[in-house]
Amino acid sequence: MKTEFERNLRHTWLVLEIEQLYKEDYQMRMLRTNNIPGILKVHGQGRDEHSVYRYDISGKVSVKARGEKELWNYQELELFMRQFIKVLYTINQYLLNVNCLSLKPEHIYREGEEYFFCYCPGYEGDIREEFHTLTEYFVREMDYQEKEGIYLAYELHKASMEENYNIEQILENILERKEKEMEEKRVDHGQESYELAEDIILDDWAEQQEMTGHVARERQGVLEFLSRRTRRKRRGNWERDGRMLDDEESDSSDGLGDYSKFW
């Protein structure tokens, strides 16, 4: 498959050339007469003994070009996968051949929050192999500082190596497991988790102050305040005289001083 681009002042086209005779079959009629969600509009024609397909990509950015500017994260990968599954379902509804989808990063485009795929009637690859290759791309291009994104990319890649995998089922299982884990964390930890997070944040902040040259007594003051605050909360003593303490009372009673900005 040969890839070219055509441009003028108002439009840009992606041009795919296939080494086979052009056919005006039912697939082209279906693509021409319907606005299929998630599929780039295409115009096909013959050129010598080749088939040429032109896609209007004006205002859109390819996945490959986007990946060259910024790393992928969990949110972006989840959005892509959800839309990809919808496209697979839509193609089936229109009685099109899913193996005619190109999953090369340079053939997938995004505009706003929507992804668009190239459907090329003259191209019949193997959607399973192409998806596996695409997951390898995501693993390489993920932000390695974000654990959730890396986990999702590796899970997709690992699942794509199974003999008879189902793309839709893979994603549903991963997202369902993630939602269940998040719910379990909320239920199991509750307020104790919140207090532990406070401890960690305060401790990390104090260590950063030491690293930037602040004296150790500032750290000690913060930790002493934290200790008093934690003991008070664990006793359930959040009220005084039958009403919630306001910020001013909390500051004065705890001797928080300048540290109040962290609450």
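**Notebook: a look around the chain**

I began with the surface: the protein chain exposes about 16400 Å², and carbon and sulfur atoms supply 47% of that area. A reminder to myself: this is a predicted model.

**Entry: the overall build**

I looked up the secondary structure next and found 8 helices and 10 strands in the protein chain. Then I asked what share of the 263 residues counts as buried. The share is 40%. I also checked the contacts between residues with a separation of 6 or more, and 65% of them link residues 24 or more positions apart.

**Entry: the cysteines**

How many disulfides does a search of the whole structure find? I got 0. I had to remind myself what I was searching for: a disulfide is a covalent bond between the sulfur atoms of two cysteines. I looked at Cys100, which is in no disulfide; the nearest cysteine sulfur belongs to Cys120 and lies 7.3 Å away. Cys120 is in no disulfide either, and its nearest cysteine sulfur is that of Cys100. Since a disulfide needs the two sulfur atoms within 2.5 Å, the 7.3 Å here rules this pair out.

Are these cysteines buried or exposed? Cys100 has a relative accessible area of 0%, so I noted it as buried. Cys120 also comes out at 0%, so it went down as buried too.

**Entry: strand E8 and its partners**

I moved on to strand E8, residues 114-119. This strand is mostly covered, with 5 of its 6 residues buried. Which strands pair with E8? One is E6, residues 101-102, which runs antiparallel to E8 and is joined to it by 2 bridges. In this pairing I found Leu101 with Tyr119 of E8 as its bridge partner.

The other one I looked up is E7, residues 108-111, also antiparallel to E8 and joined to it by 4 bridges. Here Tyr109 stands opposite Phe116 in E8. E7 and E8 form a hairpin, and 2 residues sit between them. I checked the turn and saw that Gly112 has a positive phi of about 65°. A handy note for viewing strands: in a regular strand the side chains alternate between the two faces of the sheet.

**Entry: Glu155**

Last, I picked out Glu155, which I found in helix H5, residues 147-159. Is Glu155 buried or exposed? Its relative accessibility is 17%, and the cut-off for buried is under 20%, so Glu155 counts as buried. Which residues does Glu155 touch, leaving aside its neighbours within four places in sequence? I wrote down Ile174 and Arg177.

Conventions. Residues numbered from 1 in each chain as written. Predicted model: local features only at pLDDT ≥ 70, side-chain atom pairs only at ≥ 80, totals over all residues. Heavy atoms only, no water. Buried < 20%, exposed > 50% of the residue type's maximum accessible area, 1.4 Å probe, protein only. Contact = heavy atoms within 4.5 Å. Areas by Shrake-Rupley, 256 points an atom, 1.4 Å probe, with all protein chains shown as cover. Pairing = 2+ DSSP bridges.
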